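Take a look at the chain below.

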Amino acid sequence: MTVFINEETRRSSGPLTGQTVVVIGGSMGIGRATAFEARAQGADVILTGRDPNHLRLAAQEVGALSTAAFDATEHERLERFFEELPQPIDHVLVTAGGSYYARVPDMDLARVRSALEEHLLLTLNVARSAIGTVRPGGTLIFITGTGARRPGPGLAVAGVFAAALPALVANLALELAPIRVNLLAAGFVDTPLSASLLGDDLDARRSELGRTLPIRRVVEPEDVAALAVHIMTNSALTGATFDVDGGEQVLGRQ
């Protein structure tokens, strides 16, 4: 584990002062934005990610307490990471993993298995590792999407996650109580992951959402980060799924 202690940033104060936030998948996008927001609210932040270079840059920008570069789907390595943490910690946000979209005849089963690892099994392993590590009243926050709630070609695998993760989180909230467990369901968020998925269609998608969403703009990582930190600080929230999609689900029901 690499330690980055920035005394200037550690002088901040807020509702998370004196608390420690772990962001698994914290070097880019939503994870990085949440790390910034948690620091702004007074927390010490520990970041993990697969890419050591991206992780080091994010840690220096955020003023992270420490970092650990590893693949969170490697279960033994994840468990060792939790065992080595300065305990107790207060909150864990998991952004690691992307979904998988393919029509059934074109599916790569190896990628399906990988997606299962990155969603359902990673969620369970983080929950197991949190026991005895996350303080009572602390939070585990996981992330899924809203786009695959409605059936469509190529959405079979993503649809499984959209249905399964809310049920899994609700059950974990009961089993891990008084640790709180919640789920963020994001629509399109303007992140490097979205850019990699959409490629040349990215600008057209941004323009379409800017015209059609009720908020008249695309959802940014900072929007999701603000909700994640609110869940950390509001001790009445557990077992729930919170949509943050700029009203896209409302449009889908018209």
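The points below go from the whole chain down to single residues. Keep in mind that this is a predicted model.

**The whole chain**
- The chain holds nine helices and eight strands.
- It has 254 residues, and 47% of them are buried.
- Take the contacts in the chain with a separation of 6 or more: 73% of them join residues 24 or more positions apart.
- The chain exposes about 11900 Å². Carbon and sulfur atoms supply 52% of that area.

**The nonpolar cores**
- The largest nonpolar core has 36 residues. Inside it, the residues with the most contacts are Ile24, Phe82, Val92, Val126 and Leu140.
- A second, separate core has 28 residues. Val23, Ala43, Met232 and Val244 are among them.

**Phenylalanine 82**
- Which residues does phenylalanine 82 touch, not counting residues up to four places away in sequence? They are Ile24, Gln87, Ile89, Val92, Val126, Ser129 and Thr133.

**Helix H5**
- H5 has 21 residues. From its first C-alpha to its last it reaches 30 Å, close to the 30 Å expected at 1.5 Å a residue.
- Where is the kink in H5? A kink of about 30 degrees lies at alanine 164, shortly before proline 166.
- The buried residues of H5 include Val157, Phe161, Leu165, Leu168, Leu172 and Leu176.
- An α-helix has 3.6 residues a turn, so residues three or four places apart point the same way.
- The buried residues of H5 pack against H4, E6 and E7.

**Histidine 119**
- Histidine 119 sits in helix H4, which covers residues 109–130.
- Is histidine 119 buried or exposed? It counts as buried because its relative accessibility is 9%, and the cut-off for buried is under 20%.
- The histidine 119 side chain reaches the backbone oxygen of alanine 115 at 2.9 Å.

Technical notes
Residues are numbered from 1 along each chain as its sequence is written. This is a predicted model: local features need pLDDT of at least 70, side-chain atom pairs count only at pLDDT 80 or more; totals for chains, interfaces and linings use all residues. Side-chain values use heavy atoms; hydrogens and water are left out. Helices (H or I, at least four residues) and strands (E, at least two) are DSSP runs, numbered from the N terminus. Buried means under 20% relative accessible area, exposed over 50%, partly exposed in between (1.4 Å probe, protein chains only). A polar contact is a pair of N or O atoms within 3.5 Å; within protein, one must be able to donate a hydrogen and the other to accept it, and residues adjacent in sequence count only if both atoms are side-chain atoms. A nonpolar core is a set of buried Ala, Val, Leu, Ile, Met, Phe, Trp, Tyr and Cys residues joined through side-chain atoms within 4.5 Å. Contact means heavy atoms within 4.5 Å. Accessible areas come from the Shrake-Rupley method with a 1.4 Å probe; for residues, only the protein chains shown count as cover. The expected span of a helix is 1.5 Å times one less than its number of residues. The bend at a residue is the angle between axes fitted to the seven residues ending there and the seven starting there.
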